[in-house]
Amino acid sequence: MGSTDSDKKPLPEIIIRELKADDVDTVRQIFVSALLPLSLINAIFLPLIPMLCMAAFLAYKAHTGLEGYIAWSLSQDLVDPVTFYSEKGAGAGSKFFIAEQEPHCVEMPDGEGVCKNRQIVGIVGLERKSDGVGELRRMSVTSEARGRGVGLTLALSLIKYAEESGMKTVSLSTSSAQAPAINLYEKLGWKMVRSASRFPIKECFMELDIAESVPKLASLPSVSSMSFMSKASFGADAPR
């Protein structure tokens with residue numbers, strides 16, 4: 001079972017900012033790296049499939065499996081996410097967020113200090129689908145940062161921005177293999193609306209009612225002291 005945001009200590013200061021052109025390669029790497037381990041689930045099931053069905057299953061997997069989904073994603077919004085998640089692309093209110101860890105130093109067991117530069121540790125996109133409706137997309141966190149509040153911070157920032165942008169609902173889709181992510185979404189107010197079979201896992205569709213969920217977020221112990229950046233804080237000139 002994957003770690004949750006309460007399993008580990010929070011990372012040193014995290015800032016949430018808007019995507020820039022020179023982030024795109026890193027964004028793609030983080031997205032792919034987050035999904036590839038899940039493809040092992042498919043591999044586990046391969047020996048269980050009768051030989052007569054193997055060819056049909058492999059053809060199906062190429063089109064609907066994680067490998068196919070990754071390839072499709074890289075050929076869609078992630079070709080040019082800077083443009084796609086903008087008013088010129090998906091429309092007003094669309095935005096792609098970066099979680100960036102500030103430079104910091106840590107003390108090693110031998111007493112020596114190691115300093116690290118800024119690094120991107122998480123990503124998420126908000127796509128405007130229609131008036132008042134948005135979709136959370138591409139939520140991914142680096143393996144080193146999982147379970148340390150990055151996903152929570154990204155989701156909260158996205159919700160706040162969606163509210164300020166006039167959105168009423170935010171939908172998302174994820175897989176049943178991503179239990180920690182589903183738990184996080186449910187904690188923040190997303191509700192399951194339907195699911196679809198994608199052997200050997202299910203695709204889950206969830207929806208957030210912003211007016212209903214936002215008043216409740218401040219009461220969460222883990223976020224009661226969190227201050228949100230304003231909409232203007234995600235401008236193109238946000239500091240790095």
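Which residues have the most contacts inside the largest nonpolar core? In this predicted model, they are F97, L126, L136, V170, L188 and W190, and the core they belong to has 31 residues. Several elements give two or more residues to this core: strand 2, strand 5, strand 6, helix 6, strand 7 (169-175), helix 7 (179-187), strand 9 (201-209) and helix 8 (210-217). Helix 6 gives the most, with nine residues.

Leaving aside residues up to four places away in sequence, W190 touches L136, I159, V170, S171, L172, Y185, M206, E207 and L208. Two of these partners, L136 and V170, are themselves listed with W190 among the core residues that have the most contacts. Apart from this core lies another one, made up of 13 residues, among them L19, F31, V32 and I120.

The strands can be followed next, starting with strand 5. Strand 5 (residues 119-130) pairs with strand 2 (residues 95-101) in the antiparallel sense, over seven bridges. Within this pairing, Q119 of strand 5 stands opposite Q101. Strand 5 also pairs with strand 6 (residues 133-141), again in the antiparallel sense and over seven bridges. Here I123 has S140 of strand 6 as its bridge partner. Strand 5 and strand 6 form a hairpin with two residues between the strands, and in this hairpin G132 takes a positive phi near 80 degrees.

Is G147 buried or exposed? With a relative accessible area of 6%, G147 is under the 20% cut-off and therefore counts as buried. The C-alpha atom of G147 is separated by 8.8 Å from that of P180, although the two residues are 33 apart along the chain.

Where pLDDT is low, the predicted coordinates should not be read in detail.

Definitions and conventions. Residues numbered from 1 in each chain as written. Predicted model: local features only at pLDDT ≥ 70, side-chain atom pairs only at ≥ 80, totals over all residues. Heavy atoms only, no water. Pairing = 2+ DSSP bridges. Helix = DSSP H or I, 4+ residues; strand = E, 2+ residues; numbered from the N terminus. Buried < 20%, exposed > 50% of the residue type's maximum accessible area, 1.4 Å probe, protein only. Core = buried A, V, L, I, M, F, W, Y, C linked by side-chain atoms within 4.5 Å. Contact = heavy atoms within 4.5 Å.
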